[in-house]
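I opened my notebook beside the viewer and jotted down what I looked up, one entry at a time.

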Amino acid sequence: MEELTAVLRYFPLDPVTNPPNPIRRADLDRIARETGTTITLAAVVSKSRTVEGDIIREDTMNSAIEEVSQDVITVSAQDETAFTKAVRALFRLYRAPRTVFGTWGSSPGGREIVYRLCDEYDGWY
Amino acid sequence: MKILGIVGSCRKLGNTEILVKEALMAAQEEGAEVDIVRWTNYDIFPCEGDAVCMFLDKDCKHKGKDGHDFLLNMMYEFDGVVLGAPCYILEVEAVIKQFIDRLFILSSRPSKMIGKPAAIIVPYATRGWTSYAFLQPTIVLHFLGMHVIDKQLIHIQAMSETAGDPLAREKARRIGKEVVYAVRSGDHSYKGDPGICPVCHERNIRIMSDNQTVECGICAIRGRLSIVDGKIRAEFPQEQLKWHRFALESLYRHSTYEIKPSKDYFIRKWPALKEQRGRYKEFLDIDRGAKEVR
């Protein structure tokens, strides 16, 4: 059976469009435990990024998607039901990624489920 | 101080033109230098969405071939704007939307209207047919970074009827004076109907799919509705107001994290898509006869 993988990329948008809850390792561990999936978190900080108060500056024009500043949540599971439950729980907590490339790196099967779950809440809520 | 009147209506000496001119007359009496332009006199070709203005930092392919660049640069010479457009089928005339779509160019060439005041005048004929009358005018001015200080709907029916309507003319005059005052004083506080959204003052609130959250579709601020003393109240957290869609930092982050990285996405996807799209090329000729008809 194909391992399902969802790569969910949350970029540093404004607080209104950012996940309404901060991404916390403890929440991810809980969801992984409850659903029987593997969930990892990686923070990417671009070398070109500067932060001064509310002002973020970063040159992303010629950056690879993976090199842009972001929090990356990766969900993996063999079982579709478990995988679906985990992604749904993450979307309830953090909303879905906003862009098409926000799921770049997902497996084809994982991406299909992620897209279906995005549509459950109007793609964004 | 220079105030520009923008008329988004084809009709010569129609109500929109008269009302904008009335506003400019009042502005002139207050000491402003005024000018006027009719956007519908200019072609504004549709944005083709290839984003070369952003990704390749090139001029828009339509620059010099239509009026968009000219009209945008003309605005930049003014300190304040009175924008008028007639409401037809729920919304104002399409020229405003055509202008908005080409504002993608601002992602590489920032607006020079940031922080300048503007006001909107929308004449209309039938009550109940104005649901989105201020939508496009509000978007265009906010997208340019302007502060909208007033919006007026003016109920009028016959061609040029405002010329003989003291009430309509007075509303327009007030708009003209308000823009002059705003430029002069720096006080850009909103003078019109407060509406529901505390940012754009519109009343077009979306109820989100969770059936709990409401959003101003223009500003993207989210909050909750409640009923207090039998009246609907919309409450938006203070943080939301600061980070509305058209706040400069919000626009910067949208461009930086949601648009620009898509260049890499396109580049990676293109080899496969180039082949996959081939099957649609031969299926039906979508452009047949279009040139002859046009």
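Predicted model: local features only at pLDDT ≥ 70, side-chain atom pairs only at ≥ 80, totals over all residues.

Entry: I started with helix H1 of chain A, residues 25–35, and asked which of its residues are buried. I found Leu28(A), Ile31(A) and Thr35(A). They lie on the same side of H1(A), because the arc they cover around the axis is only 65°.

What covers the buried residues of H1(A)? My list includes three elements of chain A: strand E2 (38–44), strand E5 (70–77) and helix H2 (80–94). I also checked what follows the helix, and just after H1(A) I saw Gly36(A) with a positive phi of about 70°.

**Entry: the sheet.** Two of those covering strands sent me to the sheet of chain A. I read the strand order as E1-E5-E2, an open sheet of three strands with antiparallel pairing. Strand E1 (4–10) and E2 of chain A are at the edges with a single partner strand each, so one side of each has no neighbour in the sheet. From one strand to the next, I get an average twist of 15°.

As an example, I picked Val7(A), whose bridge partner in E5(A) is Thr74(A). H2(A) packs on this sheet and touches E1, E2 and E5 of chain A, with its direction at about 155° to that of E5(A).

**Entry: chain A meets chain B.** I looked up the contact between the chains and got 24 residues of chain A against 22 residues of chain B. On the chain A side, I sorted the residues by class into 16 nonpolar, three polar and five charged.

**Entry: inside chain B.** How is chain B divided? I have domain 1 at 2–185 and domain 2 at 205–278. Their centres, taken over C-alpha atoms, are 25 Å apart. Nine residues from domain 1 of chain B and six residues from domain 2 of chain B make the contact.

On the domain 1 side, I found that helix H2 (52–55) and helix H5 (135–143) of chain B each supply at least two residues. H5(B) gives the most, with five residues. By class, I count five nonpolar, four polar and no charged residues on that side of domain 1 of chain B.

Note on methods. Residues numbered from 1 in each chain as written. Chains lettered and ligands numbered in written order. Contact = placed C-beta atoms within 7 Å. Nonpolar A, V, L, I, M, F, W, Y, C, P; charged D, E, K, R; others polar. Buried ≥ 20, exposed ≤ 12 C-beta atoms within 10 Å, placed from the backbone. Helix = DSSP H or I, 4+ residues; strand = E, 2+ residues; numbered from the N terminus. Arc of directions from axis to C-beta. Domains from an automatic or database assignment. Pairing = 2+ DSSP bridges. Axes fitted to C-alpha atoms, helices over the stretch in contact; angles between N-to-C directions.
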